[in-house]
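Please look over the model below before reading the points. They are meant to be checked against the coordinates one at a time.

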Amino acid sequence: MAIPELYQEILIDIFLRLPAKSIGKCRCLSKPWRAFLSSPEFIKSHLARKSHKQNLLFISAANSIHSIDTIQERTNSEKIKLRSDWLEFVGSCDGLILLVNKKGETFLVNPVTLQQRRVPNSPLSLKKRFSFTVHGFGYDSSTDDYKIVTLSYYDPECEYEPDCVDTFVDVYYVKKGFWRRVENSPYDHSPPDRASGVLLNGALHWLASSPRTGYPSVIAAFDLAREVFDEIPAPSGMNVDFVFNSLHVRGGCLCMVDYQCNARKGIWIMKEYGLAESWTKYGIGWYYGILKPLCFVGDEEFVLISHEALVVHNVKDGKSRDMVVDGVQDAFIDGGIFVGSLLSPTFSDISELETVTCEFTQQILIEIFSRLPAKSVGKCRCLSKQWHTILSTPEFIKSHLARKPHQENLLLITPSHSINSIATIKNDAFSEKIEVQDNWIEVLGSCDGLVLLLNEENKKFLVNPVTLQQAKVPDPPIALEKWESFTMHGFGYDSAIDDYKIVSVSYSFNDEDYDTGFVDTFVDVYYVKRGFWKRVENSPYAHTFHDPPSGVFLNGAAHWLASVKDSRHRSVIAAFDLVREVFDEIPAPSGINANFVFCTLVVLGGCLCLVDARCNKKTDGNRTDAWVMREYGSVESWTKFSMDCNYYERHIIARPLCYIGGDEEIVWTTKEESLVIYNLKDKTFRDMIVDGFPAHVLNGCSFVGSLVSPCL
């Protein structure tokens with residue numbers, strides 16, 4: 001029996017969260033499961049999930065390989081049953097490891113599936129007896145292929161070989177199965193101890209010397225896509241001959257062990273790739289033997305190999321201790337980290353290719369549909385029952401919504417209380433009337449393509465302007481009487497429980513403390529999917545000092561301007577966290593009027609924006625100031641820009657709606673119910689002409705087109 005679509009999607013999500021080894025065991029349960037869990041699509045999806053745990057792989061003195069999947073102070077190892085006399089750990093990428101044995105043969109190995117593949121020698125390789133070769137292994141995303149790179153050069157001390165100082169570069173394309181010689185390396189790779197290239201940011205890195213500039217040491221990076229060498233800046237202040245150090249990648253950062261310190265060895269870590277100023281040095285105690293950092297344990301410790309033993313070093317207190325590994329009696333001669341994956345080193349398993357033949361077309365269609373605008377997908381649903389089923393599944397709707405970037409649309413309420421949308425925001429735009437009949441008066445908020453609207457009867461509706469679906473929102477069971485209270489609303493998404501929430505903040509103006517601002521402010525939350533209201537803790541702020549606007553949703557919270565309940569009535573930006581259902585404070589811009597509660601708060605270009613149109617006309621002229629919080633929660637990130645409205649004196653701008661043309665122009669509504677565009681570069685205003693739209697607009701917001709149904 002075929003697995004129902006929804007159950008199959010749930011199974012897929014479960015399998016994607018399992019370790020690769022557990023999935024390997026599940027493959028043995030049935031033929032359908034083996035076929036599905038062996039498909040290239042599932043293997044890629046499993047690999048793409050960024051929660052994979054790092055494992056350690058070691059080569060013991062007995063030339064066997066062992067893995068550790070839980071890194072602790074005392075841990076257990078597992079011997080990997082792949083027979084060969086292993087000698088060197090070259091590198092790892094996406095769960096595949098390149099190993100070299102005592103004979104100098106190279107193998108691609110998957111330690112989880114126990115598959116291995118011997119890599120053929122390059123037809124242009126130099127004679128091993130009189131030359132040296134170093135390896136590197138990584139992935140080229142531009143060609144979707146894995147590449148093995150060899151750097152080879154003649155032994156300069158061998159009298160039987162030509163006096164050649166060139167370093168030859170050969171590249172093996174793993175999936176295509178052939179070698180190609182590319183341009184020689186411009187660097188001298190002979191001084192170091194024949195270290196393997198380390199993979200980071202699409203490049204393989206070696207320490208080398210530059211013959212062109214007097215042989216100073218450099219970090220040479222071979223770009224796997226362009227197949228050329230670049231230079232990465234070294235730490236400032238380091239000895240010019242750092243070529244005798246060692247290079248590694250740990251914690252996703254380039255790492256260099258400095259053996260030339262006088263009293264202590266140092267480990268340099270490049271926190272931001274390519275940025276010389278980001279190199280950070282950590283001193284470590286002196287250990288005999290070569291140090292090789294392997295991985296971080298938490299934020300303060302990392303594991304390294306020293307004198308054929310494992311050592312855990314604490315960067316905070318500078319202390320080190322031995323790491324005991326049960327199941328390994330020998331010393332460690334080499335090692336590295338890898339992530340468990342199902343990727344095959346052969347890339348040619350016929351059984352895998354056969355399993356996806358029947359669904360390959362559907363996968364391509366889904367990929368195409370997920371790139372289309374929501375309105376186009378809605379039209380495609382009408383073509384067949386099968387397409388309607390596929391394009392209406394919650395999984396596809398979520399995938400479509402998650403694909404970035406979505407084009408911003410405008411939704412506008414006209415004086416006739418109808419709603420219009422503008423799908424393409426340009427200087428001159430075209431609007432379309434949305435056939436959702438009611439007498440709409442206010443937009444209360446939008447999230448994931450759903451818009452919360454209020455009609456003349458003070459009833460709330462969730463509307464999808466693309467699919468034209470709508471759902472009425474019931475009133476709270478303990479709501480205040482409408483004729484003696486004010487209510488503000490907010491709308492957003494709670495990722496913790498996968499539900500949308502409508503927040504109602506209300507207070508009574510008949511309260512005896514209303515004039516002081518100390519009136520109780522009640523907070524009710526409506527769970528859209530679950531269909532019920534819940535009263536939570538009252539707001540600690542006073543929301544009574546200005547017209548009741550809607551809360552703006554950003555970063556999982558609904559935001560309002562409010563005041564502290566004290567004698568000073570200090571203005572604050574109050575953020576109601578939809579997950580925790582409590583209020584926090586967001587720092588306001590420094591230098592703004594202390595009583596900014598009468599300003600306007602919006603979300604502009606994914607950032608919090610505060611608009612102050614209350615400048616002193618005698619001293620400041622007809623000016624409006626706006627602050628944009630470039631980094632959410634960071635007070636230093638507030639950026640101010642001012643607009644001289646004298647040129648546009650016949651209009652008083654009210655609130656910004658969205659950017660157009662990048663971030664140079666902003667669409668504004670005005671208090672005269674029109675749309676204008678302000679250019680930040682040349683500081684000018686102009687009217688926005690919208691075909692098919694009346695001259696005036698009451699209210700509006702931006703939204704993204706989606707397939708999310710309000711009838712959750």
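This is a predicted model: local features need pLDDT of at least 70, side-chain atom pairs count only at pLDDT 80 or more; totals for chains, interfaces and linings use all residues.

The numbered points below go through cores, single residues, a helix, strands and aromatic pairs.

1. The largest nonpolar core. This core has 25 residues, and those touching the most other members are F42, L98, L108, V119, F137, Y146 and I148. At least two residues of the core come from each of helix 1 (5–17), helix 2 (20–26), helix 4 (40–48), strand 5 (86–93), strand 6 (96–101) and strand 10 (145–154). In soluble globular proteins, nonpolar side chains tend to be buried together.

2. L108. Setting aside residues up to four places away in sequence, L108 touches L96, I97, L98, Q115, Q116, R117, V119, F137, I148, V174 and P345. Of these partners, L98, V119, F137 and I148 are also listed with L108 among the core residues that touch the most other members.

3. D170. This residue sits in strand 11 (residues 167–173). D170 counts as buried because its relative accessible area is 1%, under the 20% cut-off. Its side chain makes a polar contact with the side chain of R181, at 2.8 Å. Beyond four places in sequence, the residues that D170 touches are S122, L124, I148, V149, T150, S152, W179, R180 and R181.

4. S506. Strand 35 (residues 499–508) contains S506. With a relative accessible area of 4%, S506 is buried. Its contacts, leaving aside neighbours within four places in sequence, are L480, F486, T487, D520, T521, F522 and D524.

5. Helix 9. Four residues of helix 9 (residues 394–402) are given as buried: F396, I397, H400 and L401. Why do they lie on the same side of helix 9? They cover an arc of only 135° around the axis, so they are on the same side. An α-helix has 3.6 residues a turn, so residues three or four places apart point the same way.

6. Strand 41. Seven of the seven residues of strand 41 (residues 571–577) are buried. S571, I573, A575 and D577 point one way from the strand, and V572, A574 and F576 point the other way. Both sets are buried.

7. Partners of strand 41. Strand 40 (residues 557–564) pairs with strand 41 in the antiparallel sense over seven bridges, with A557 opposite D577. Strand 42 (residues 582–586) also pairs with strand 41 in the antiparallel sense, over five bridges, and here I573 stands opposite I586. Strands 41 and 42 form a hairpin with four residues between them. In that turn, E581 has a positive phi of about 60°.

8. Aromatic pairs. The count comes to 18 aromatic pairs. Y173 and F178 are a stacked pair, 4.8 Å centre to centre with 25° between the planes.

9. W560 and F583. These two form a tilted pair, 6.4 Å centre to centre with 50° between the planes. W560 is in strand 40 and F583 in strand 42, so the pair ties together parts that are 23 residues apart in sequence. W560 is buried at 0% relative accessibility, and F583 is buried at 13%. Together with Y541 and F576, they form one aromatic cluster.

Methods: Residues are numbered from 1 along each chain as its sequence is written. Side-chain values use heavy atoms; hydrogens and water are left out. Buried means under 20% relative accessible area, exposed over 50%, partly exposed in between (1.4 Å probe, protein chains only). A polar contact is a pair of N or O atoms within 3.5 Å; within protein, one must be able to donate a hydrogen and the other to accept it, and residues adjacent in sequence count only if both atoms are side-chain atoms. Contact means heavy atoms within 4.5 Å. A nonpolar core is a set of buried Ala, Val, Leu, Ile, Met, Phe, Trp, Tyr and Cys residues joined through side-chain atoms within 4.5 Å. The arc is that of the directions from the helix axis to the C-beta atoms. Two strands pair if DSSP finds at least two bridges between them. Rings of Phe, Tyr and Trp (its six-membered ring) pair if their centres lie within 6.5 Å; planes under 30 degrees apart count as stacked, over 60 as edge-to-face and the rest as tilted.
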